[in-house]
Amino acid sequence: MQDTILLTGVSGFFGRALLPRLQADPAVKHIIGVDLRPPVDASQYSKLTFHQLDVREGDLAPLMKRCDVVIHMAFILMRPPRRLDLDAVNIVGSRRVLRAAAQAGVPKIIFTSSVVGYGLHPDNPMPLTEIMPRRPNAGL
């Protein structure tokens, strides 16, 4: 049972896709959403408590104290023009989330990563592991 889940990047592309599924899951009792901005449709998620927080700076450990799972999705997947903070968000932010989860004693961490480096291909094996050859898609 996953009573309480903390989801970083709740307002991002993947967070918006995952949030309705967590809301519909009867095993999930409470969702703690963390992002720089609230989800557009936050009011339709009765299980959600939103915290406006930057993973690069905010104090995450207190939010994780009673979490069963942390799902870390606060990433910049592709560098938009003039976006210079990709490493600060992806590396520093991830390091801070993982340290806070360890400090809080969270028993399970789900750390999403970008498969873009390995290519998005229908013939990719499942699961796609770190030792697979990279076949990046043109333009990504």
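Predicted model: local features only at pLDDT ≥ 70, side-chain atom pairs only at ≥ 80, totals over all residues.
Student: What makes strand 1 largely enclosed by the rest of the structure?

Tutor: Buried means under 20% relative accessible area. Five of the five residues of strand 1, residues 4-8, are buried, so the strand is largely enclosed.

Student: Which residues of strand 1 point which way?

Tutor: Thr4, Leu6 and Thr8 point one way, while Ile5 and Leu7 point the other way. In a regular strand the side chains alternate between the two faces of the sheet.

Student: Why are strand 1 and strand 2 called a pair?

Tutor: Two strands pair if there are at least two bridges between them. Strand 1 and strand 2 (residues 30-35) have five bridges, in the parallel sense, so they count as a pair. Ile5 stands opposite Ile31 in strand 2. Between these two strands the chain passes through helix 1 (residues 13-24), and this β-α-β crossover is right-handed.

Student: How do you know that strand 1 pairs with strand 4?

Tutor: The requirement is at least two bridges. Four bridges join strand 1 to strand 4 (residues 69-72), which run parallel, so these strands pair too. Thr8 stands opposite His72 in strand 4.

Student: What makes strand 3 and strand 5 edge strands?

Tutor: The open sheet has five strands in the order 3-2-1-4-5, with parallel pairing. Strand 3 (48-52) and strand 5 each pair on one side only. For strand 5, four bridges join it to strand 4, and Val70 has Ile109 as its bridge partner.

Student: Which peptide bond is cis?

Tutor: The bond joining Met126 and Pro127 is cis, with omega about 0 degrees. Pro127 is found in the segment after strand 5 (108-111).

Note on methods:
Residues numbered from 1 in each chain as written. Heavy atoms only, no water. Buried < 20%, exposed > 50% of the residue type's maximum accessible area, 1.4 Å probe, protein only. Right-handed = clockwise from strand over helix to strand, strands pointing away.
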